Amino acid sequence: MMAPFFESHGDTAALTVALVVGIAFGWFLEQSGMGSARKLAGQFYLRDLTVFKVMFTAILTAMLGVFWLGWLGVLDVSRVYVPETWILPQAAGGLVFGFGFAMAGLCPGTSCVSASTGRIDGLAVMVGMFAGVLGTGLMFGRMQSFYESTPRGAFTLSRLFNVSEGITVFAIVAIALAGFKAAEAIERRSGLENAR
């Protein structure tokens, strides 16, 4: 068994891998154009669905990697941390996140990429993001009861629909392939309309 990595190779090796993966992730985001608020805003106008395609590809890669490495016995899937679910606070957080993303054209990761390449809008989003985190931390005592409401534990799609992980993986791959095809059709139609 090679995973979890930190148990097999120690904290220093795990932190080194995390640093390398983080830098690579930022580099790939920049190379795919995700450091540009203009490109990301195209998502909301259905002109450029690169964000959808890149992020769904990343999700599929991670999901298939975990599934097949677990099936092959390389990864102990039961030891992989699944964040817990709190329905209402996470729905509220999703709304705040979505509003900020639509308004700024950047999310936390892409704002860091944008700022690191010298874009002022990326830096402004990072400052706003850190101010929001600080404000939330300072007011956490007042919000704690809401923050801890509607807990569901480590809630997965397999658990929600009461099906095996294999069926869930198959369904998500099928949805992703249909989504990629739909995204290409939407971008083609948008390109034709812009050409007129």
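Of the 196 residues of the protein chain in this predicted model, 23% count as buried, a term that denotes under 20% relative accessible area, with exposed set at over 50% and partly exposed in between (1.4 Å probe, protein chains only). The accessible surface of the protein chain, computed by the Shrake-Rupley method with a 1.4 Å probe, comes to about 13,400 Å², and carbon and sulfur atoms contribute 71% of that area. Residues are numbered from 1 along each chain as its sequence is written, and side-chain values use heavy atoms, with hydrogens and water left out. Since the model is predicted, local features need pLDDT of at least 70 and side-chain atom pairs count only at pLDDT 80 or more, whereas totals for chains, interfaces and linings use all residues.

The protein chain contains 10 helices and 2 strands, assigned as DSSP runs (H or I of at least four residues for helices, E of at least two for strands) and numbered from the N terminus. In sequence order these elements give the pattern α-α-α-α-β-α-α-α-α-β-α-α. The C-alpha trace spans about 55 × 45 × 35 Å along its principal axes. Among contacts (heavy atoms within 4.5 Å) with a separation of 6 or more, 62% join residues 24 or more positions apart.

Trp27 is partly exposed at a relative accessible area of 49%, while Phe28, at 55%, counts as exposed.

Phe52 and Phe180 form an edge-to-face pair, with their centres 6.1 Å apart and their planes at 70 degrees. This pair links distant parts of the chain, as Phe52 belongs to helix H4 (residues 50-72) and Phe180 to helix H10 (residues 165-195), 128 residues apart. Phe52 is partly exposed, with a relative accessible area of 26%, whereas Phe180 is buried, with a value of 19%.

As for charge, the protein chain carries 13 positive and 12 negative side chains, and the centres of the two sets lie 11 Å apart. In this count Lys and Arg are positive and Asp and Glu negative, without His and the chain ends, and each charge is placed at NZ of Lys, CZ of Arg, CG of Asp or CD of Glu.

Terms used
Phe/Tyr/Trp six-rings, centres within 6.5 Å; stacked < 30°, edge-to-face > 60°.
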